[in-house]
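Here's a quick briefing to read with the model open beside you.

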Amino acid sequence: MSGNGNRAATALARIQTDSVVAMLKAFYPGLQFEIVAMSTTGDKILDTALSKIGEKSLFTKELEHALEKNEVDLVVHSLKDLPTVLPPGFTIGAICKRENPYDAVVFHPKFVGKTLETLPEKSVVGTSSLRRAAQLQRKFPHLEFKSIRGNLNTRLRKLDELQEFSAIILAAAGLQRMGWQHRVGQGALGVEVRAKDQDMLDLVGVLHDPETLLRCIAERAFLRHLEGGCSVPVAVHTAMKDGQLYLTGGVWSLDGSDSMQETMQATIRVTAQQEDGPEDDPQLVGITARNIPREAQLAAENLGISLASLLLNKGAKNILDVARQLNDAH
């Protein structure tokens, strides 16, 4: 089993990997798991904004190479790091129950008690996400937003010890997993395996959380159809209530001045069951889940595609094209 992490990134990656191992051991108490820490391109390139690097597999390529060579049997990722189109031969064999999917604002010690709205004019807020920057620029035009890279420890150290940032935006789930709630996949963990390794698919398939799985299928289908990634500000959010899956998606210009957002819903049945017989291509948006009704998975995928198509028909492509051009030019 591999967890993404060099020495700098080890803490959160190890916590996430350990949590998956603990869940697997609860199902298979007699199995032993060896954890191998590895570094990725995304861990090593810390002086460039993610949107500028131009590599879609920043946090996965080296791990998938180890999978391909049978050096490891499964890899634990934050689901947001996995592209919506995986390389041939790989699949997401498990999506664990989602934790807090929201963003968190962490303030410099001198601004404790403030809010983004009450920060002084021209205060600099750090984020590695174009989506976060665009959304916040629209709501808080008096602030400036600047890229900040590194693992959680590094970003918090930059915030606390340097005078460059008044606040930074982080994923709440990461802070909670590190036990740093006091400073407050996104939120979901995915387990990647070899697509043809049926033993591993069976092993990790028990970790699928049906509701999280279907929500993530809808989200990834939306992002794939929009061709959303690190180079454009695209956001998606889901909620499940009374058998209805609600999907909200939006696109923004880089400065947040132009935006488009819509919500759609579909009836989804989330009960787990064992599918009978193999299928030629069981994957949907890179995910294999034979123990979740295929009809429900297809309904979730169709919801994501439908919402993306609606936005594209209303002009979202123009917003995204301009955002890509501006991002490439700077």
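Predicted model: local features only at pLDDT ≥ 70, side-chain atom pairs only at ≥ 80, totals over all residues.

**Helix α11**
- The buried residues here are Ala316, Ile319, Leu320, Ala323 and Asn327.
- They sit on the same side of α11, because the arc they cover around the axis is only 95 degrees.
- α11 takes in residues 316-329, and at 1.5 Å a residue its 14 residues should span 20 Å; the end C-alpha atoms are 20 Å apart, so the two agree.

**The nonpolar cores**
- The largest nonpolar core has 38 residues, and Ile95, Phe222, Val251 and Ile268 are the ones that touch the most other members.
- Elements giving two or more residues to this core include α11, along with β4 (90-95), α10 (294-313) and β12 (259-267).
- α9 is the top contributor to this core, giving eight residues.
- Looking past neighbours within four places in sequence, Phe222 is in contact with a set of residues that includes Val234, Val236, Leu247, Leu307 and Leu311.
- There's also a second, separate core, made of 16 residues, with Phe33, Leu189, Val193 and Leu203 among them.

**The whole chain**
- The protein chain has 11 helices and 12 strands.
- Of its 330 residues, 52% are buried.
- The chain exposes about 15,500 Å², and 50% of that comes from carbon and sulfur atoms.

Conventions. Residues numbered from 1 in each chain as written. Heavy atoms only, no water. Helix = DSSP H or I, 4+ residues; strand = E, 2+ residues; numbered from the N terminus. Expected span 1.5 Å × (residues − 1). Buried < 20%, exposed > 50% of the residue type's maximum accessible area, 1.4 Å probe, protein only. Arc of directions from axis to C-beta. Areas by Shrake-Rupley, 256 points an atom, 1.4 Å probe, with all protein chains shown as cover. Core = buried A, V, L, I, M, F, W, Y, C linked by side-chain atoms within 4.5 Å. Contact = heavy atoms within 4.5 Å.
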